[in-house]
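Trainee: I'm new to this one. Could you pick a single part and take me through it closely?

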Amino acid sequence: MSNNTIFIDERIKQTHHIYQQAIALAKEIGYENSKYCDLIDKFGDFLFEFGKHEEALIYRKELVELKEKLLGENHIDLAKAFIRYGRTLDSLNQSEQALK
């Protein structure tokens, strides 16, 4: 393993930890708002990008549920959340779940 690879792996772990801390804090102080949605959306992107699709799925599903609660069923931001959720399901070969 090269020094660059080790450095990048360490930065990924640090970033993952920071996101988890931010999410825990947001839940502690009251989190059902658009800023929290942005946080879990970005964390889902981060996880997906680095191949942690199963973990990303957890946050994608939470985002869909929260967006639906906050915005209602007919909102473009909910549609975008569904697209990301479906893409994550597809990456895990669970496309049939996306149709439900």
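Mentor: Let's start with a term: a crossing is left-handed if the near helix is turned anticlockwise from the far one by less than a right angle, and right-handed if clockwise. Helices here are DSSP runs of H or I, at least four residues, numbered from the N terminus. This is a predicted model, where local features need pLDDT of at least 70, side-chain atom pairs count only at pLDDT 80 or more, and totals for chains, interfaces and linings use all residues. Residues are numbered from 1 along each chain as its sequence is written, and side-chain values use heavy atoms, leaving out hydrogens and water.

Now look at H3 (residues 53–71) and H4 (residues 76–91): their axes lie 9 Å apart, at an angle of about 160°. Those axes are lines fitted to C-alpha atoms over the stretch in contact, with angles from 0 to 180 degrees between N-to-C directions. The pair is therefore roughly antiparallel (an angle over 145 degrees), and the crossing of H3 and H4 is left-handed. Among the residues of H3 that meet H4 are Arg60 and Leu63, and Arg84 is one of those on the H4 side; contact means heavy atoms within 4.5 Å.

Next, find Asp41, which sits in helix H2 (residues 34–49). Leaving aside residues up to four places away in sequence, Asp41 touches Arg60, Leu63 and Arg84. Its side chain makes a polar contact with the side chain of Arg60, at 3.4 Å; that term takes a pair of N or O atoms within 3.5 Å, and within protein one must be able to donate a hydrogen and the other to accept it, while residues adjacent in sequence count only if both atoms are side-chain atoms.

Technical notes:
Helices (H or I, at least four residues) and strands (E, at least two) are DSSP runs, numbered from the N terminus. Angles under 35 degrees count as roughly parallel, over 145 as roughly antiparallel, 65 to 115 as roughly perpendicular and the rest as oblique.
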